[in-house]
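I wanted to see who pairs with whom, and how buried the partners are.

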Number of protein chains: 2
Amino acid sequence: MPNPTAAMLVIGDEILSGRTRDSNLHYLARALTDHGIDLREARVVADDAAAITGALRSLSGRHDHVFTSGGIGPTHDDITADCVAAAFEVPIDVREDARALLADHYAQRGTELNEARLRMARIPEGAGLIENPVSIAPGFTLRNVHVMAGVPSIFEAMLASLLPRLTGGAPLLSQTLPVLRGEGDIAGPLGALAARHPELSFGSYPFVSNGVHGSNVVVRGQDAAAVNAAMSELCALFPGAVEGAQGGAAPGGAMK
Amino acid sequence: MPNPTAAMLVIGDEILSGRTRDSNLHYLARALTDHGIDLREARVVADDAAAITGALRSLSGRHDHVFTSGGIGPTHDDITADCVAAAFEVPIDVREDARALLADHYAQRGTELNEARLRMARIPEGAGLIENPVSIAPGFTLRNVHVMAGVPSIFEAMLASLLPRLTGGAPLLSQTLPVLRGEGDIAGPLGALAARHPELSFGSYPFVSNGVHGSNVVVRGQDAAAVNAAMSELCALFPGAVEGAQGGAAPGGAMK
């Protein structure tokens, strides 16, 4: 059975202006690979309602899951929740359980739960909350869209709350063979190997180390025996060009 | 008059699996912001022809410029050039000037220009080449799509070749001097040289060749006499550190 598929939607002017470098895509990509969910595409859009709702509709229709980051804070340009509601044509308002979480949190700190902070309790009708152990204001899941914060520490904490609830498939296994030859020498035999193993994916990532050109050849797949078999063929194709090859297909964790 | 708009398309399984963290989006975002081009959206897709051509058509129709990274190497999964040709329905084949660049480059290194490497000279009909001072294999511009490498050092060097041309006006001339010294040695004198020639731009793109650290220093400008003068100064600054320096400022064609 194929793994569930996913897309990510990163929301925020600051990413597109270069002011901030996004880290959530890379974090999510690794987490989903370990969990057996295939991240198929990602988009970055500005804090613009038409852009956000358009991307949400497009991505949610094509994938099992959509993960968003950004735009759920208290300021006027945090419009993600409203855009999710609009994309699915459901009402949105302050929700009592979310309001209670915020009221308790700010009361403990002697901070006023003002109108701006209350915006963070606006949740589209029918959504489930995603716990935020860092700063309390929750994310939410509406249908197949999981709405999370843009601040990396909060995004990561929300994902830790959410991910165990999602059904994953077989984790993607991978093995890497460093070959101390230029990519142009590797390409021919590698392409032929890839053609013989359509169930696996093969990548080649060039490097230069101490003046020597090489490539990390990566074999990925869900079947450990198939990955191992391809790895043996790969070692035979490039004998003696190997240093520090990893033995044995390991689960996703080996992809680091 | 509003700024031109742009989108970025990042191509590569390795980004979506979490194996590699993309850095080109952030780099491009900053560069475009400095240049007065508005980056409106970005997408990341896998090495999948339908995903790439679909994104190219969608983005190129909505923005003044589309910048791509990834998928232009010699291996079987490098399919970006073919997808660009398909998206615009133009033929693609090995192009003579691109082939000559590669033939010269590999001949100097005693490396065979085999079938895999020749793939990097496949350029869609009607495209203009984008210079690659790092590893020679060129990027290209077809209509409003600028196709560049995924390796960050090469992406950044290609962008440095491309971006000044997007303002229009007189054609940009460029010369490259390979200097067999570390970039840290080059930086001081090069900075002083650049300060004496505010009408030109100077770039430095480090490489390691046979264990020796070096840099391709690139001089760019619109005035051939000024580029030639700066090149003479550069040769005097780094005597004996020069191999295969190009003499004489050439028009656009020199921007390889």
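This is a predicted model: local features need pLDDT of at least 70, side-chain atom pairs count only at pLDDT 80 or more; totals for chains, interfaces and linings use all residues.

Entry 1. I started with a cluster in chain A: A:Glu41, A:Arg43 and A:Arg62 are linked in a network of salt bridges.

Entry 2. A:Arg62 bridges to A:Glu41, with the closest N and O atoms 2.5 Å apart. The two sit 21 residues apart and link distant parts of the chain, A:Arg62 being in helix α3 (residues 49-62) of chain A and A:Glu41 in strand β2 (residues 38-45) of chain A.

Entry 3. Is A:Glu41 buried or exposed? I get a relative accessible area of 8% for A:Glu41, so A:Glu41 counts as buried. A:Arg62 comes out partly exposed, at 46%.

Entry 4. Next I checked a pair across chains. A:Asp185 forms a salt bridge with B:Arg117, and the closest N and O atoms are 3.1 Å apart. This pair joins two chains because A:Asp185 lies in helix α8 (residues 183-196) of chain A and B:Arg117 in helix α6 (residues 115-118) of chain B. I have B:Arg117 down as buried, with a relative accessible area of 4%, while A:Asp185 is partly exposed at 28%.

Entry 5. Then a pair within chain B: B:Arg40 forms a salt bridge with B:Asp38, closest N and O atoms 3.9 Å apart. Both partners are partly exposed, B:Arg40 with a relative accessible area of 43% and B:Asp38 with 29%.

Entry 6. Last, I wrote down the total: 15 salt bridges over all chains.

Definitions and conventions. Residues are numbered from 1 along each chain as its sequence is written. Chains are lettered from A and ligands numbered from 1 in the order in which they are written. Side-chain values use heavy atoms; hydrogens and water are left out. A salt bridge is a side-chain nitrogen of Lys or Arg within 4 Å of a carboxyl oxygen of Asp or Glu. Helices (H or I, at least four residues) and strands (E, at least two) are DSSP runs, numbered from the N terminus. Buried means under 20% relative accessible area, exposed over 50%, partly exposed in between (1.4 Å probe, protein chains only).
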